[in-house]
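Me: I would like to learn how to read a fold from its model. Can we take one feature at a time?

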Amino acid sequence: MAAEDDKNLVEILENLDTIDVAKYMNFVSAPQAGAIATFSGTTRDTFEGKAVLELRYEAYVPMAIRCMKSVCSSARASWNLHSIAVAHRLGTVPVGEASVFIAVSSIHRADALEACRFLIDEIKATVPIWKKEVYSNGEVWKENTEFLERRSKLGNKDLDCCGKKTEIKEHNKKLCCGTKVWVDDGGNQD
């Protein structure tokens, strides 16, 4: 695991103006890597006909980092990757600026491209980062489509932070992102 950690850079950026794309590109660059695939998620200016002014992100940082590292491990288990860099901003992200950046290097392009898509889809589906869209005439907290799709495919089963089905059989259950403690509120576990 230590060797894998040396080739992964996972960061949550708080109160920074922009993502330093060159930093993450340099991290994944290597002489043996014939491919680097990237994804940059940026704030667009409209959503369903409404003018978007900015996005605002919040997260429970320790859990978000653990979950992003778990997603990176899953990508390494499926593709032959050299290095992975993932950065996600918190706070306000104006129109045109990146809120998330992913860079993946590998010997061959197919591995880098497929892993990069997997990483962004899994991060949006499983990592506890919350987004508020601010419009010219109001604001709304948004759930990622990937999260909602994953949830509906698995029905009412509980999910851990990596989207894996879990059944609650005890009050303290070890999950990929640590121990989740359930509070008995009269039978409603959410």
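**Reading the features**

Reply: Start with one residue. Arg-117 has a relative accessibility of 59%, above the 50% cut-off, so Arg-117 counts as exposed. This model is predicted. Arg-117 lies in helix α4. The C-alpha atom of Arg-117 is 9.3 Å from that of Ile-102, and the two residues are 15 apart along the chain.

Me: What does the protein chain contain in helices and strands?

Reply: The secondary structure comes to 5 helices and 13 strands. The protein chain has 190 residues, and 42% of them are buried. Take the contacts with a separation of 6 or more: 66% of these join residues 24 or more positions apart.

Me: How many Å should the 18 residues of helix α4 span?

Reply: Helix α4 covers residues 109–126. At 1.5 Å a residue, its span should be 26 Å. The end C-alpha atoms are 25 Å apart, which agrees.

Me: Which residues of α4 are buried?

Reply: First the general idea. An α-helix has 3.6 residues a turn, so residues three or four places apart point the same way. Now the case here. The buried residues of α4 are Asp-111, Ala-112, Ala-115, Cys-116, Leu-119, Ile-120, Glu-122, Ile-123, Ala-125 and Thr-126. Cys-116 has a relative accessible area of 5%, so it is buried.

Me: How do I describe helix packing?

Reply: Two packed helices are described by the angle between their axes and the distance between the axes. Here, take helix α3 (residues 61–78) against α4: the axes come within 10 Å and cross at roughly 145 degrees. The crossing of α3 and α4 is right-handed.

Me: Which residues of α3 and α4 meet?

Reply: From α3 come Met-68, Val-71, Cys-72, Ser-74 and Ala-75. From α4 come Phe-118, Leu-119, Glu-122, Ile-123 and Thr-126. By class, this contact has 7 nonpolar, 2 polar and 1 charged residues.

Me: Is Cys-72 buried or exposed?

Reply: Cys-72 counts as buried, because its relative accessibility is 1%.

Me: How many disulfides does the structure hold?

Reply: A disulfide is a covalent bond between the sulfur atoms of two cysteines. The structure holds 0 disulfides.

Me: Now a strand. Is Ser-99 buried or exposed?

Reply: Ser-99 has a relative accessible area of 4%, so Ser-99 is buried. Ser-99 sits in strand β7 (residues 98–106). Leaving out residues up to four places away in sequence, Ser-99 touches Ile-19, Gly-41, Tyr-57, Ala-87, His-88, Arg-89 and Val-93.

Technical notes:
Residues are numbered from 1 along each chain as its sequence is written. This is a predicted model: local features need pLDDT of at least 70, side-chain atom pairs count only at pLDDT 80 or more; totals for chains, interfaces and linings use all residues. Side-chain values use heavy atoms; hydrogens and water are left out. Helices (H or I, at least four residues) and strands (E, at least two) are DSSP runs, numbered from the N terminus. The expected span of a helix is 1.5 Å times one less than its number of residues. Buried means under 20% relative accessible area, exposed over 50%, partly exposed in between (1.4 Å probe, protein chains only). A disulfide is a pair of cysteine sulfur atoms within 2.5 Å. Axes are lines fitted to C-alpha atoms, for helices over the stretch in contact, and angles run from 0 to 180 degrees between N-to-C directions. A crossing is left-handed if the near helix is turned anticlockwise from the far one by less than a right angle, and right-handed if clockwise. Contact means heavy atoms within 4.5 Å. Ala, Val, Leu, Ile, Met, Phe, Trp, Tyr, Cys and Pro count as nonpolar, Asp, Glu, Lys and Arg as charged, and the others, Gly among them, as polar.
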